Amino acid sequence: QVQLVETGGGLVQPGGSLRLSCTASGNIFSINAMGWYRQAPGEQRELVAIITSRGMTNYADSVKGRFTISRGNAKNTIDLQMNSLKPEDTAVYYCKADINPLGVSRRDYWGQGTQIIVSS
């Protein structure tokens with residue numbers, strides 16, 4: 001019914017930058033919020049950044065000043081600009097969307113995850 005497609009993962013050196021994008025498509029009436037979560041090996045999944053339908057943003061303390069979440073140019077798309085990357089940013093990054101589908105109940109949808117490795 002709803003699909004989230006993530007792009008932009010990869011390998012980068014410490015101090016480098018990457019840009020992730022996530023596009024939601026399918027049976028979407030409206031989107032309440034979208035965001036990025038990450039899960040490092042052996043760790044719990046954690047919030048990285050979110051943006052609400054009103055444009056409010058929130059960030060994990062660990063990424064404030066380095067990451068920026070924004071609405072993308074395409075419809076139902078968000079971007080995550082990641083600068084000054086650190087080895088501790090290494091994780092699988094997941095896009096999540098809080099969606100009101102057409103004709104069914106509101107729920108969260110998740111992308112498949114994209115790997116970010118920050119290493120020299």
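# Salt bridges, sheet and pocket

D108 has a relative accessibility of 32% and therefore counts as partly exposed; in this report, buried stands for a relative accessible area under 20%, exposed for one over 50%, and partly exposed for the range in between, computed with a 1.4 Å probe on protein chains only. The model is predicted, so that local features are reported at pLDDT of at least 70 and side-chain atom pairs at pLDDT 80 or more, while totals for chains, interfaces and linings use all residues. Residues are numbered from 1 along each chain as its sequence is written, and side-chain values rest on heavy atoms, with hydrogens and water left out.

## Salt bridges

The structure contains 7 salt bridges, each being a side-chain nitrogen of Lys or Arg within 4 Å of a carboxyl oxygen of Asp or Glu. One of them joins the side chains of D108 and K96, with 3.6 Å from N to O. Since D108 belongs to strand β10 (residues 107-110) and K96 to strand β9, this pair ties together parts that lie 12 residues apart in sequence. Strands here are DSSP runs of E with at least two residues, and helices are runs of H or I with at least four, numbered from the N terminus.

A second salt bridge brings together the side chains of D89 and R38, at 3.0 Å from N to O. This pair links distant parts of the chain, as D89 sits in the loop between β8 (77-82) and β9 (91-100), whereas R38 is in strand β4 (residues 30-39), 51 residues apart. D89 also forms a salt bridge with the side chain of R66, at 2.7 Å from N to O. Here too the linked parts are distant in the chain, with R66 in the loop between β6 (57-59) and β7 (67-71), 23 residues apart from D89. R38, E46, R66 and D89 are connected in a network of salt bridges.

The table gives the relative accessibility of some of the residues discussed in this report.

| Residue | Relative accessible area | Class |
|---|---|---|
| D89 | 0% | buried |
| R38 | 6% | buried |
| T77 | 8% | buried |
| R66 | 10% | buried |
| K96 | 16% | buried |

## The open sheet

An open sheet is formed by 4 strands in the order β1-β3-β8-β7, with antiparallel pairing. The edge positions are taken by β1 (2-7) and β7, each of which has a single partner strand, so that one side of each is left without a neighbour in the sheet. From one strand to the next, the twist averages 15 degrees, where axes are lines fitted to C-alpha atoms (for helices, over the stretch in contact) and angles run from 0 to 180 degrees between N-to-C directions.

Two strands are taken to pair if DSSP finds at least two bridges between them. The antiparallel strands β1 and β3 (residues 18-26) are joined by 6 bridges, and V2 has G26 in β3 as its bridge partner. Between β7 and β8, which also run antiparallel, there are 5 bridges, and the partner of R71 in β8 is I78. The hairpin of β7 and β8 has 5 residues between the strands, and within this hairpin N76 takes a positive phi near 55 degrees.

T77 is located in strand β8. Apart from residues up to four places away in sequence, T77 touches C22, T23, S70, R71 and G72, contact meaning heavy atoms within 4.5 Å.

## Strand β9 and V92

V92 is placed in strand β9. Its contacts, leaving aside neighbours within four places in sequence, are with Y37, R38, Q39, G113, T114 and Q115. V92 and G42 are 50 residues apart in sequence, and their C-alpha atoms are 12 Å apart in space.

## The largest pocket

A pocket is an open set of points, on a 1 Å grid over the protein atoms alone, where a 1.4 Å probe fits and where protein lies on both sides within 12 Å along at least five of seven lines; lining residues have an atom within 4 Å of a point. The largest pocket holds about 220 Å³ of space, the volume being the space filled by probe spheres set on grid points that are joined across faces, edges and corners. Its lining consists of 13 residues, of which I31, M34, T52, S53 and R71 lie nearest the centre. At least two lining residues come from each of β4, β5 (46-52) and β8, and β4 supplies the largest share, 4 residues.
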